[in-house]
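Here are some notes for a first look at this structure. Please read them with the model open.

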Amino acid sequence: MATNGQPNNFVQFRPQKNALRVEVRLPQSQETEAAIEASELDVMDYDKRWGRYRLRLSKGEIVTYSEVLSELVKKAYLAAGKADE
(Lines give C-alpha, C1' and ligand atoms only; values in the text may rest on other atoms or scores of the structure.)
Protein backbone atom coordinates (compact mmCIF):
# COMPACT_ATOMS: atom_id res chain seq x y z
CA MET A 1 0.00 0.00 0.00
CA ALA A 2 1.36 3.37 -0.96
CA THR A 3 0.45 7.05 -1.17
CA ASN A 4 2.19 9.18 -3.81
CA GLY A 5 4.72 6.42 -4.35
CA GLN A 6 5.63 6.26 -0.66
CA PRO A 7 4.84 3.23 1.52
CA ASN A 8 1.85 3.67 3.82
CA ASN A 9 1.86 0.64 6.09
CA PHE A 10 -1.25 1.40 8.13
CA VAL A 11 -2.00 -2.33 8.12
CA GLN A 12 0.29 -5.31 7.63
CA PHE A 13 -0.60 -8.92 6.88
CA ARG A 14 1.82 -11.60 8.04
CA PRO A 15 0.93 -15.15 6.98
CA GLN A 16 1.76 -17.89 9.43
CA LYS A 17 1.49 -21.64 9.18
CA ASN A 18 -1.99 -21.94 10.74
CA ALA A 19 -3.16 -18.33 10.88
CA LEU A 20 -2.89 -14.84 9.47
CA ARG A 21 -1.46 -12.14 11.71
CA VAL A 22 -2.93 -8.71 11.03
CA GLU A 23 -1.18 -5.67 12.47
CA VAL A 24 -3.25 -2.49 12.47
CA ARG A 25 -1.43 0.80 13.19
CA LEU A 26 -3.64 2.78 15.54
CA PRO A 27 -2.98 4.77 18.70
CA GLN A 28 -3.78 2.72 21.78
CA SER A 29 -7.19 3.75 23.12
CA GLN A 30 -9.93 2.41 25.38
CA GLU A 31 -12.48 2.79 22.56
CA THR A 32 -10.49 0.65 20.12
CA GLU A 33 -9.69 -1.96 22.77
CA ALA A 34 -13.37 -2.15 23.77
CA ALA A 35 -14.41 -2.70 20.14
CA ILE A 36 -11.83 -5.45 19.69
CA GLU A 37 -12.77 -7.17 22.95
CA ALA A 38 -16.49 -6.98 22.12
CA SER A 39 -15.84 -8.72 18.81
CA GLU A 40 -13.92 -11.54 20.55
CA LEU A 41 -10.99 -11.29 18.12
CA ASP A 42 -7.79 -13.08 19.15
CA VAL A 43 -5.62 -10.13 20.20
CA MET A 44 -1.97 -11.00 20.62
CA ASP A 45 -0.96 -7.66 22.14
CA TYR A 46 -0.40 -3.99 21.45
CA ASP A 47 3.07 -3.32 20.09
CA LYS A 48 3.99 -0.02 21.74
CA ARG A 49 7.19 0.34 19.74
CA TRP A 50 5.39 0.40 16.36
CA GLY A 51 1.93 1.47 17.59
CA ARG A 52 0.11 -1.58 16.27
CA TYR A 53 -2.64 -3.89 17.46
CA ARG A 54 -1.58 -7.44 16.61
CA LEU A 55 -4.49 -9.77 15.80
CA ARG A 56 -4.39 -13.47 14.94
CA LEU A 57 -7.01 -14.78 12.52
CA SER A 58 -7.64 -18.46 11.90
CA LYS A 59 -9.20 -19.88 8.75
CA GLY A 60 -12.73 -18.53 8.27
CA GLU A 61 -12.43 -15.74 10.83
CA ILE A 62 -11.91 -13.06 8.20
CA VAL A 63 -15.50 -13.55 7.08
CA THR A 64 -16.77 -13.85 10.66
CA TYR A 65 -15.09 -10.63 11.80
CA SER A 66 -15.20 -8.73 8.50
CA GLU A 67 -17.23 -5.83 9.90
CA VAL A 68 -14.93 -5.05 12.84
CA LEU A 69 -11.81 -5.64 10.71
CA SER A 70 -12.97 -3.21 8.04
CA GLU A 71 -13.69 -0.59 10.71
CA LEU A 72 -10.22 -1.01 12.21
CA VAL A 73 -8.59 -0.75 8.78
CA LYS A 74 -10.63 2.38 7.94
CA LYS A 75 -9.61 4.03 11.22
CA ALA A 76 -5.97 3.14 10.60
CA TYR A 77 -6.11 4.51 7.04
CA LEU A 78 -7.66 7.78 8.18
CA ALA A 79 -5.18 8.09 11.06
CA ALA A 80 -2.27 7.47 8.66
CA GLY A 81 -3.58 10.16 6.31
CA LYS A 82 -3.78 12.70 9.12
CA ALA A 83 -0.25 11.87 10.24
CA ASP A 84 1.05 12.63 6.71
CA GLU A 85 -0.42 16.12 6.66
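The points below take the sheet and then the salt bridges.

1. The model is a predicted one. Its open sheet consists of four strands in the order β3-β4-β6-β5, with antiparallel pairing. The edges are held by β3 (11-15) and β5 (42-47); each has a single partner strand, so one side of each lacks a neighbour in the sheet. From one strand to the next, the twist averages 20°.

2. At one end of that order, β5 runs antiparallel to β6 (residues 52-57), and five bridges join the two strands. Within this part of the sheet, Asp-47 stands opposite Arg-52 in β6.

3. Side chains of opposite charge can pair when their charged atoms come close. The count of salt bridges here is six. Three residues, Arg-14, Arg-21 and Glu-23, are linked in a network of them.

4. Arg-14, at 35%, counts as partly exposed.

5. Another salt bridge joins Lys-75 and Glu-31, whose closest N and O atoms are 3.3 Å apart. This pair links distant parts of the chain: Lys-75 lies in helix α3 (residues 66-84) and Glu-31 in helix α1 (residues 30-39), 44 residues apart. Lys-75 counts as partly exposed at 30% relative accessibility, whereas Glu-31 counts as exposed at 57%.

Methods
Residues are numbered from 1 along each chain as its sequence is written. This is a predicted model: local features need pLDDT of at least 70, side-chain atom pairs count only at pLDDT 80 or more; totals for chains, interfaces and linings use all residues. Side-chain values use heavy atoms; hydrogens and water are left out. Two strands pair if DSSP finds at least two bridges between them. Axes are lines fitted to C-alpha atoms, for helices over the stretch in contact, and angles run from 0 to 180 degrees between N-to-C directions. A salt bridge is a side-chain nitrogen of Lys or Arg within 4 Å of a carboxyl oxygen of Asp or Glu. Buried means under 20% relative accessible area, exposed over 50%, partly exposed in between (1.4 Å probe, protein chains only).
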